[in-house]
Amino acid sequence: MSELRETSLAILANTDVQSKVSQLANLFAEHQAGRIAINPSSNLTSQNHCLPGRPAKPDLVAPKFVPKRKMDTVEGRAILWHSLAHIEFNAMNLALDAIWRFPNMPKAYYEDWLRVAKEESYHFSLINTHLQSFGFSYGDFPAHNSLWEMVERTTDSVIARMALVPRTMEARGLDAVPEIRDRFKQIKDERAVEILEIILHDEIGHVLVGNRWFNFLCANDNLSPIATYRELAEKYRAPTLRGPFNLDAREQAGFTSEELEILESLSEKRTQAA
């Protein structure tokens, strides 16, 4: 019987995008059928792997060198769609990394992140298929690596990973996707709108997973979630939170009323400064 964490590490190291997606779908199906073991206590090593496995393209550049995402040309819309594909590809990898890297978590933790990985791979496939309708594919444009850089910074701490990747970096998608969806509504790209609605719905659940396990770890060590988040954000150099925030989606994703009040005050300060 295959083991979930070892297999997740092997899939993470795979450099072929379509093979990675297929392997992940198979792993999820095998787990659903009860044919995958989970060994939380094993201490795995990545020393024989180059992580994450990624194709030769896209070229990774600083964010300021990523091409502009303009809606008034086919290529501009393709660039925007390509950036979404890159986010989902990285999100698939980060979920796999969360499975293999951190031992001694409850079984439900690993099952949560397996579901997230499977859904992120589905999002990637939806986006890449739609990107191809513009005449382009994943890898055709440069991309930045900010999301994975935060994954790398938090390799030493599961609580930092939960605080700063799903509920900080990925939560920004809850704020950004509705605006992007509405831009595609304006140009009547109905398939794009359908895909973005699927992503927004699922991403609420993914951020909820991050919140669930961050709060679990805080409760285990009798830590204040708000104070702990601030400390971790400073220690690991997390991006500064800036509004506007999708407070409704964030509430559905498990942010507490106190956390939402803090985010709302940040939005108000920004508005006043402007």
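Me: How are helix H1 and helix H2 oriented to each other, roughly parallel or roughly antiparallel?

Reply: In this predicted model, the axes of H1 (residues 4–13) and H2 (residues 17–32) come within 10 Å and cross at roughly 165 degrees. Angles over 145 degrees count as roughly antiparallel. The two helices, H1 and H2, are therefore roughly antiparallel.

Me: Is the crossing of H1 and H2 left-handed or right-handed, and how do the residues of the contact divide into nonpolar, polar and charged?

Reply: The crossing of H1 and H2 is left-handed. H1 contributes Leu4, Thr7, Ser8, Ile11 and Leu12 to the contact, and H2 contributes Lys20, Gln23, Leu24 and Leu27. By class, the residues of this contact are five nonpolar, three polar and one charged.

Me: Is Asn145 buried or exposed, and with which residues is Asn145 in contact beyond its neighbours within four places in sequence?

Reply: Asn145 lies in the loop between helix H4 (107–132) and helix H5 (146–153). Its relative accessible area is 12%, and buried means under 20%, so Asn145 is buried. Leaving aside neighbours within four places in sequence, its contacts are Arg54, Leu60, Val61 and Asn90.

Me: Which residues does Tyr109 contact, leaving aside its neighbours within four places in sequence?

Reply: Tyr109 is one of the core residues that touch the most other members. Beyond its neighbours within four places in sequence, Tyr109 is in contact with Ala98, Phe102, Val158, Met162 and Trp213.

Note on methods:
Residues are numbered from 1 along each chain as its sequence is written. This is a predicted model: local features need pLDDT of at least 70, side-chain atom pairs count only at pLDDT 80 or more; totals for chains, interfaces and linings use all residues. Side-chain values use heavy atoms; hydrogens and water are left out. Axes are lines fitted to C-alpha atoms, for helices over the stretch in contact, and angles run from 0 to 180 degrees between N-to-C directions. Helices (H or I, at least four residues) and strands (E, at least two) are DSSP runs, numbered from the N terminus. Angles under 35 degrees count as roughly parallel, over 145 as roughly antiparallel, 65 to 115 as roughly perpendicular and the rest as oblique. A crossing is left-handed if the near helix is turned anticlockwise from the far one by less than a right angle, and right-handed if clockwise. Contact means heavy atoms within 4.5 Å. Ala, Val, Leu, Ile, Met, Phe, Trp, Tyr, Cys and Pro count as nonpolar, Asp, Glu, Lys and Arg as charged, and the others, Gly among them, as polar. Buried means under 20% relative accessible area, exposed over 50%, partly exposed in between (1.4 Å probe, protein chains only). A nonpolar core is a set of buried Ala, Val, Leu, Ile, Met, Phe, Trp, Tyr and Cys residues joined through side-chain atoms within 4.5 Å.
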